[in-house]
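Biologist: Could you show me how to read a helix contact and a strand in a model like this one?

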Amino acid sequence: MRNATLVNGVPEYDLIICGGGIAGLGLAHQLALRGDDISVLVLDLLSRPLPPGAFKVGESTIETGAYYYHGILGLYDYLEAEQLEKNGLRYFYGGGHGDFAAREEYGVRRFLPAKSYQLDRGTLENHLRDLVEADGCDLREGIRVKDIEIGTPHEVTFTDAAGTLHRARSRWVVDAMGRRRYLAHKLKLDRDWRGPCSSAWWRVKGKVSVNDFVPKSNARWHARIEDDRWQSTTHMMGKGYWVWLIPVAPDNTSVGIVSSEAIHPINTYGLNYEQALEWLRTHEPVVAQALEGHELMDFLKLKRYSHTATQLFSTDRWACTGVSGAFADPYYSVGSNMIGFANGFICRMLEMDRAGTLNQEYVDHANRYLLTLNDFLTDTIQRGYPNHHIGPIMALKTIWDYYIGWTTTDPQFYHELYLDPTLSKIMSGVISRIVVTQARMMTLFEDWGRRTDTTGYTFEFIDYIEHLPTLKDLHVRNLPPKTDDFRMILDNTREAVDRIEELAHIIFFLAVRDLMPEQMARLESAGWINTEAIGLDPDRWERDGLFAPKTARRDFARHRGEIEGLFTLRPASAGV
Ligand SMILES: Cc1cc2nc3c(=O)[nH]c(=O)nc-3n(C[C@H](O)[C@H](O)[C@H](O)COP(=O)(O)OP(=O)(O)OC[C@H]3O[C@@H](n4cnc5c(N)ncnc54)[C@H](O)[C@@H]3O)c2cc1C
């Protein structure tokens with residue numbers, strides 16, 4: 001990378017990145033790996049060594065976010081050696097009372113086909129800072145950014161550790177200062193969105209493992225998972241909340257309570273550690289007990305954590321990445337995914353700018369793409385909170401969300417289609433076939449949970465890879481390495497959309513059979529329906545066109561058997 005030039009005594013860079021957290025450092029390293037011959041200044045408040053073990057929240061990655069680190073940032077060897085491989089997301093439903101072993105479990109038996117990791121953020125960011133320096137970026141630590149003046153060039157004002165004021169100028173400026181959201185506030189990019197969920201989290205020394213929640217004598221429970229459950233991001237699910245347990249290498253544990261403010265306001269658990277423990281004793285007593293004797297490393301909280309914006313990128317050559325822009329609900333650990341998308345767009349915009357081809361249309365595409373994804377994720381996730389205790393509904397919702405995420409969004413990231421507005425538009429055209437169905441399904445899950453706390457179905461364990469061969473097949477065929485065979489990705493997406501339409505039938509039929517079995521004959525005799533009219537009010541079915549399918553009938557008996565076979569009928573439930 002190049003050095004800055006001095007213009008009238010002020011250093012001038014191609015790019016200034018304000019904030020050297022995971023988003024800012026990731027961007028700097030990504031640009032270097034691309035071989036971009038530009039000058040980059042990275043400014044951050046904190047100096048090395050960043051503390052290991054309990055630095056920042058955001059330890060858990062899923063497949064696409066992990067791919068950003070190991071595939072795009074080239075950190076595979078580092079992650080394998082220094083961080084912990086993650087054994088997927090794992091959910092225990094039903095609330096925290098009763099026999100832990102009897103809680104319905106949704107997870108994986110073995111590590112997933114695509115790698116993911118549990119990250120100690122302090123260790124990772126120390127490593128990234130070393131890399132960014134070795135790349136030739138000008139990395140300054142102990143620096144407080146005071147102001148970003150947008151212009152041509154932009155001017156950033158900052159103070160060093162001694163309080164001395166400095167200025168630097170740049171063609172591009174990126175806000176990566178996390179929750180400070182400097183540009184969002186200054187440029188009034190905030191969109192009115194009172195995030196309905198809050199969280200308190202902390203780290204403790206030592207392992208707090210779900211393996212210890214069930215006696216070893218219950219060999220069946222232990223044997224049903226082959227790779228270590230401890231390496232999962234474990235969610236204890238109860239009405240309106242989830243509690244996470246995340247292992248952090250070498251053997252610390254991150255714990256968090258996340259809740260819907262309407263059901264568990266943060267003032268019932270977020271005041272301090274003692275209050276959080278008291279809350280756990282009431283709602284998740286097994287976790288509270290397991291924490292006893294572990295030394296507390298930190299305790300943090302955030303009320304109404306999610307946010308969104310009107311804009312993240314501009315033809316005026318500024319951008320926001322990471323939390324400084326938009327922040328989706330962390331339930332599916334998507335933080336690093338969003339950083340990967342944002343940084344991909346920023347790299348492409350810098351490249352276009354150098355070539356003189358950056359235009360409003362492209363920037364509009366990038367803004368629309370990422371903000372739609374952010375808002376979609378948050379809405380989809382947060383509407384589920386009231387049902388978190390109901391295993392079968394949440395398992396079906398999670399299966400649904402995985403079908404959507406793994407087959408429509410993730411391939412666009414792996415194969416970089418999102419960066420190309422034309423390809424992205426063609427993909428959107430295919431995916432648009434299930435947009436209304438998606439909205440209907442979210443309402444269906446909400447309504448189902450509103451009508452019952454215990455469905456007529458139950459399950460012991462669902463492995464979302466081994467027990468779901470259709471999903472696994474759709475997922476695996478889209479994984480990296482990156483391909484330029486757009487036709488193949490498109491064909492995969494078309495097939496995924498067909499399977500998703502079938503899944504809508506299957507889940508709808510299960511819900512109707514559970515709540516109003518007397519209506520099943522109407523559905524069975526129709527066989528194939530208009531999934532855009534799915535809903536739990538039978539009086540509306542005719543009017544909404546449920547029995548006028550928009551697609552040709554398909555035989556989905558095998559697919560139906562696969563999903564229905566995950567559940568058994570709850571003995572006490574009559575009529576299902
Ligand atoms: C409850 C909760 C759970 C989460 N769980 C996950 C998860 O499981 N997985 C996941 O991927 N993400 C998760 N996240 C999100 C995660 O925190 C973010 O993905 C990640 O931290 C974003 O990194 P960032 O670089 O944008 O911000 P940060 O990591 O906050 O970095 C911002 C940087 O800017 C610097 N800075 C701030 N102000 C200034 C200033 N004035 N001058 C100079 N520097 C400054 C800071 O020192 C910091 O280094 C979670 C978030 C919450 C709230």
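**Reading a helix pair**

Modeller: In helix H1, Ile-22, Leu-25, Ala-28 and His-29 meet Arg-121, Leu-124, Glu-125, Leu-128, Arg-129, Leu-131 and Val-132 of helix H4, where contact means heavy atoms within 4.5 Å. By class, this contact of H1 with H4 has seven nonpolar, one polar and three charged residues. This is a predicted model, in which local features need pLDDT of at least 70 and side-chain atom pairs count only at pLDDT 80 or more, while totals for chains, interfaces and linings use all residues. Residues are numbered from 1 along each chain as its sequence is written, and side-chain values use heavy atoms, with hydrogens and water left out.

Biologist: At what angle do H1 and H4 pack, and how far apart are their axes?

Modeller: Two packed helices are described by the angle between their axes and the distance between the axes. Here H1 (residues 22–33) and H4 (residues 121–134) pack at an angle of about 30°, with their axes 10 Å apart. That makes H1 roughly parallel to H4, a term that covers angles under 35 degrees.

Biologist: Turning to strand S14, are its two faces buried or exposed?

Modeller: In a regular strand the side chains alternate between the two faces of the sheet. In S14, Tyr-241, Val-243, Leu-245 and Pro-247 on one side and Trp-242, Trp-244, Ile-246 and Val-248 on the other are all buried, that is, under 20% relative accessible area with a 1.4 Å probe, protein chains only.

Biologist: Which strands are joined to S14 by bridges?

Modeller: Strand S13 (residues 233–238) runs antiparallel to S14 and is joined to S14 by five bridges, while eight bridges join S14 to strand S15 (residues 252–260), also antiparallel.

Note on methods
Buried means under 20% relative accessible area, exposed over 50%, partly exposed in between (1.4 Å probe, protein chains only). Helices (H or I, at least four residues) and strands (E, at least two) are DSSP runs, numbered from the N terminus. Two strands pair if DSSP finds at least two bridges between them. Axes are lines fitted to C-alpha atoms, for helices over the stretch in contact, and angles run from 0 to 180 degrees between N-to-C directions. Angles under 35 degrees count as roughly parallel, over 145 as roughly antiparallel, 65 to 115 as roughly perpendicular and the rest as oblique. Ala, Val, Leu, Ile, Met, Phe, Trp, Tyr, Cys and Pro count as nonpolar, Asp, Glu, Lys and Arg as charged, and the others, Gly among them, as polar.
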